[in-house]
Amino acid sequence: MAKELLRVEHIGMKFNLSKERVNDFREYVIRMLKGKKLEKDEFWALKDINFSIHEGERIGILGLNGAGKSTLLKVVAGVFKPTEGRVIRNGKIVPLLELGAGFDKNYTGRENIFLYGAVLGYGRQYMEEKYDQIVEFSGLEDFMDVPIKNYSSGMKSKLGFAIATIAEPEILILDEVLSVGDGKFRKKSEKKILDMMQDGTAVLFVSHSLAQVKRICNKAMILEGGKMIAFGDVDEVAQVYAEMTGELDELTVGQKNLVKKKNKKKKTEKIKQEDKREVMEES
């Protein structure tokens, strides 16, 4: 049986949305002394989320904007401490959430490779061993001595991806990172992720592309309003999500026909129930 690498138990994440703005601590203290309380609205970004991930599993997280996808990844990665529940981690996690977030704009690409590596927890000797591999994968050989502030956003994302994927994690967390760069680099980065999966790396993947989730993942979940409304085999969950969003064009012909059959069955059952109700009312 495959090793369980991660377990999420009853996770809830609450944010307080203040209706009033307090500019500094002094103003806050004055308001408290006067007995004026700040009005806050509670917003639950996640509520009672449960799932586990084992070696080799690849779980796609689907949902509309504001559903809680990125918040869930940040809770799993340890960026956010959950308000409720707990996350049990039994493997090394490498999160690819905001590529290049650890870069210093005044440093060169070469200097930022070592800086970003340190942010991710890698020693200098390890980064020196991996340096050529990082530069080659990023395709930025001619720009290593150029300050990052002169890089385009695509260049920064390429370098960030190349650095973040040099490790051999047991769990890889991806938040829309396979959409960075040009078409050639996107194919290259997706192949890199797939190669890592072949070695048993588990993946937790957020994407707005249903086709990409189906191509990479073997399981999926749907979040809506911070709650998990579906979880299971990627093809079955993809059908549910396609119906929700009208993305049937991204399904295969066979999947489309299956959705149509399900819808026809539901319609037939509804008609039978209505006919039965009419008969009962007449009798």
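**Close-up views of the sheet, its helices and the cores**

**View 1. In strand E9, Phe-231 is the bridge partner of Met-221.** Welcome to a predicted model, in which local features need pLDDT of at least 70 and side-chain atom pairs count only at pLDDT 80 or more, while totals for chains, interfaces and linings use all residues. Residues are numbered from 1 along each chain as its sequence is written, and side-chain values use heavy atoms, with hydrogens and water left out. Strands (E, at least two residues) and helices (H or I, at least four) are DSSP runs, numbered from the N terminus. E8 and E9 run antiparallel and are joined by six bridges. Two residues lie between the strands of this hairpin, where Gly-225 takes a positive phi near 60°.

**View 2. Here is the whole open sheet, with six strands in the order E5-E6-E7-E3-E8-E9.** Its pairing is mixed; two strands pair if DSSP finds at least two bridges between them. At the edges are E5 (93-96) and E9 (227-233), each of which pairs on one side only. Ignoring direction, neighbouring strands are turned by 15° against each other on average. E5 runs parallel to E6 (residues 171-175), with four bridges joining them, and Leu-96 stands opposite Leu-174 in E6.

**View 3. Strand E3 meets parallel partners in E7 and E8.** Four bridges link E3 to E7 (residues 202-206), with Arg-58 opposite Val-203 in E7. Another pairing, over four bridges, connects E3 and E8; Gly-60 has Ala-220 in E8 as its bridge partner. E3 is mostly covered, with four of its five residues buried (under 20% relative accessible area, with exposed over 50% and partly exposed in between; 1.4 Å probe, protein chains only). Helix H8 (residues 234-245) lies across E3 (58-62), E8 (219-224) and E9, running at about 30° to E8 (axes are lines fitted to C-alpha atoms, for helices over the stretch in contact, and angles run from 0 to 180 degrees between N-to-C directions).

**View 4. Ile-113 and Leu-159 have the most contacts inside the largest nonpolar core, which has 46 residues.** Such a core is a set of buried Ala, Val, Leu, Ile, Met, Phe, Trp, Tyr and Cys residues joined through side-chain atoms within 4.5 Å. Helix H5 (residues 153-164) gives the most to this core, with six residues. At least three core residues come from each of domain 1 (1-21 + 41-92 + 170-181 + 200-248) and domain 2 (98-167), with bounds from an automatic or database domain assignment. Not counting residues up to four places away in sequence, Ile-113 touches (heavy atoms within 4.5 Å) Met-127, Tyr-131, Ile-134, Val-135, Met-144, Leu-159 and Ile-163. Apart from this core lies another, of 26 residues, including Val-8, Ile-61, Leu-72 and Val-206.

**View 5. Helix H4 (residues 124-138) bends by about 50° at Lys-130.** The bend is the angle between axes fitted to the seven residues ending at a residue and the seven starting there. Buried residues of H4 are Met-127, Lys-130, Tyr-131, Ile-134, Val-135, Phe-137 and Ser-138, and they pack against helix H3 (109-119), H5 and helix H6 (183-198). After H4 comes Gly-139, with a positive phi near 75°.

**View 6. Thr-108 sits in the loop between E5 and H3.** It is buried, with a relative accessible area of 16%. Leaving aside residues up to four places away in sequence, Thr-108 touches Met-144, Asp-145, Val-146, Pro-147 and Ile-148.
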